[in-house]
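This report covers the salt bridges of one model and then one of its sheets. Keep the structure in view while reading.

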Amino acid sequence: MEQQIQLNEHNKQEYPPMHTTEHIVNQTMIRLFGCGRSVSAHIERKKSKLDYRLNACPTEEQIKSLEEAVNEVIARHLPVTTEFITQEEAKGRFDLERLPEDASETVRIVKVGDYDECLCIGTHVANTSEIGTFKIISHDWDEESKRWRMRFKLV
């Protein structure tokens, strides 16, 4: 007998190409800058923004490298898949800090090929070929909080 998976309700309908891009950008930031995933995100259809904690403001060359790396991943036409595991199984493998207090015992992992995997309940494309081209449209640095904000769109 197949067990029904029970997840928490999700109150937001993301734009799948932009939301999947967020996952790719997060993993690329981890790989290029050694930082964590974004500390704040506002993901919308026309343009989105992500905030990261960094030691220093990225150079224009680093920002160009980030954009190129994200587009290279998108161009690999990676499948986007999901897997369901228990919170216990997720411990040590994923950061559980962002889970709400009333999170269900079952959590969903979203995988972008072999490039990224994280806990997520949002909507995504089935393949990165559905995304388009990632373009950073602006960015700014807050020296006091060591926060870098990037704004981006898909074309």
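E88 is exposed, since its relative accessibility is 53%. The model is a predicted one. The partner of E88 in a salt bridge is K91, with 3.2 Å between the closest N and O atoms. K91 is exposed too, at 51% relative accessibility. The cut-off matters here: exposed means over 50%.

The structure holds twelve salt bridges. Three of them are set out below.

| Salt bridge | N to O distance | Accessibility of each residue (relative) |
| K91 and E88 | 3.2 Å | K91 51%, E88 53% |
| E83 and R93 | 3.9 Å | E83 24%, R93 38% |
| R147 and D140 | 3.1 Å | R147 13%, D140 25% |

Take E83 and R93, whose side chains meet in a salt bridge at 3.9 Å, N to O. This pair links distant parts of the chain. E83 sits in strand β3 (residues 80–86), while R93 lies in the loop between α3 (87–90) and β4 (106–112), ten residues apart. E83 is partly exposed, with 24% relative accessibility. R93 is also partly exposed, at 38%. The two residues belong to a network of salt bridges that also links K111 and E117.

Is R147 buried or exposed? R147 is buried, because its relative accessible area is 13% and buried means under 20%. Its salt-bridge partner D140 is partly exposed, with a relative accessible area of 25%.

Now the sheet. What is the order of its four strands? The sheet is open, runs β1-β2-β7-β6 and has antiparallel pairing. β1 (40–42) and β6 (134–142) stand at the edges. Each has a single partner strand, so one side of each is left without a neighbour in the sheet. On average, neighbouring strands of this sheet are turned by 15° against each other, direction ignored.

β6 and strand β7 (residues 147–154) run antiparallel and are joined by eight bridges. Within this pairing, S138 stands opposite R151 in β7.

Two helices pack on the sheet. Helix α1 (residues 16–33) touches β1, β2 (48–53), β6 and β7. The direction of α1 makes about 140° with that of β7. Helix α2 (residues 60–74) touches β6 and β7. The direction of α2 makes about 145° with that of β6.

Technical notes. Residues numbered from 1 in each chain as written. Predicted model: local features only at pLDDT ≥ 70, side-chain atom pairs only at ≥ 80, totals over all residues. Heavy atoms only, no water. Salt bridge = Lys/Arg side-chain N within 4 Å of Asp/Glu carboxyl O. Buried < 20%, exposed > 50% of the residue type's maximum accessible area, 1.4 Å probe, protein only. Pairing = 2+ DSSP bridges. Axes fitted to C-alpha atoms, helices over the stretch in contact; angles between N-to-C directions. Contact = heavy atoms within 4.5 Å.
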